[in-house]
Amino acid sequence: MAKKEIKKYSMEFGKKEKVLNYTCQTYQLSRPNKVGAVMALIRECQPKTIKEWEEWYFENATTFGKNTFKVTKESLEELGERLYEKITEVVIPEWQDAFNNLTKQDCYDYIYNLTINRTFDGFLREKSVVNDGLAKIFKEVKFEESPSELDHAGDIDYLGFVTENSAFGIQIKPVTAQSNFGNYSISERMKASFESFENDYKGKVFIVYSLDGEIANKEVIKEIEKEIERQKNA
């Protein structure tokens, strides 16, 4: 059976994509407090055409946060203006300075640091989040490190067994990974991995953000509580 091709409407920015994406994420210009909760909005809309989605978005989109306002074409244009200013006034000068001062030793040190130091930091962070955090909150759950032979081991750091045959998954990220907090989107590969885990273990996967070894996104605790109850009653 031929694979169905899905038409894409996204614009292509070529090599510019990296700097646009980096700056947009760094300065949080696509967060719900700037553009609204776009995925929740489009699911509510269920559009059949991009035109239908565009019109519905501008009729219904409002931002989240302290200063809530209705999203307009003008407010998106203003975000584009801010993006341009950040790139030209901050990012380009910073990168040029980095390029001009980069040495071969920096590259050696970076690879070594990434392989040894950051891996050890991540290991300690995971242990702290689970052993000093989740395991003490959910005492009835048996937490285990994801075995290396697991198909989705690269995306699941720990399994939380609620019963012998069901578990939820935990992925632990440093808090810097949620610089675009509230608008973080997983990759297609990770999405497939999470779905595979759910099929195998009958449980959801939760992303837990760590700040100095503690849980930064406290709201995930309530979500895990609900999942534990669901698995107990399944």
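Author: Let's start with Arg230, which is partly exposed, with a relative accessible area of 39%. Keep in mind that this is a predicted model.

Reader: Okay, what does the side chain of Arg230 meet in a salt bridge?

Author: The general idea first: side chains of opposite charge can pair when their charged atoms come close. Here, Arg230 meets Glu227 at 2.8 Å, N to O. Both sit in helix H8 (residues 219-233), 3 residues apart, or about one turn of the helix.

Reader: And is Glu227 buried or exposed?

Author: Glu227 comes out at 2% relative accessibility, so it counts as buried, the cut-off being under 20%.

Reader: Which side chain does Lys51 pair with?

Author: Glu54, through a salt bridge of 3.9 Å, N to O. That pair lies in helix H4, again 3 residues apart. Lys51 is partly exposed at 48%, and Glu54 is partly exposed at 34%.

Reader: How many salt bridges does the structure hold?

Author: It holds 7. Glu140, Glu229 and Lys232 are linked in a network of them.

Reader: Switching to helix packing, at what angle do H3 and H4 cross?

Author: Roughly 115 degrees, with the axes coming within 10 Å. The crossing is right-handed. Residues making the contact include Leu41 and Ile42 of H3 and Trp53 and Trp56 of H4. By class, the contact has 7 nonpolar, 1 polar and 2 charged residues.

Definitions and conventions. Residues are numbered from 1 along each chain as its sequence is written. This is a predicted model: local features need pLDDT of at least 70, side-chain atom pairs count only at pLDDT 80 or more; totals for chains, interfaces and linings use all residues. Side-chain values use heavy atoms; hydrogens and water are left out. Axes are lines fitted to C-alpha atoms, for helices over the stretch in contact, and angles run from 0 to 180 degrees between N-to-C directions. Helices (H or I, at least four residues) and strands (E, at least two) are DSSP runs, numbered from the N terminus. A crossing is left-handed if the near helix is turned anticlockwise from the far one by less than a right angle, and right-handed if clockwise. Contact means heavy atoms within 4.5 Å. Ala, Val, Leu, Ile, Met, Phe, Trp, Tyr, Cys and Pro count as nonpolar, Asp, Glu, Lys and Arg as charged, and the others, Gly among them, as polar. A salt bridge is a side-chain nitrogen of Lys or Arg within 4 Å of a carboxyl oxygen of Asp or Glu. Buried means under 20% relative accessible area, exposed over 50%, partly exposed in between (1.4 Å probe, protein chains only).
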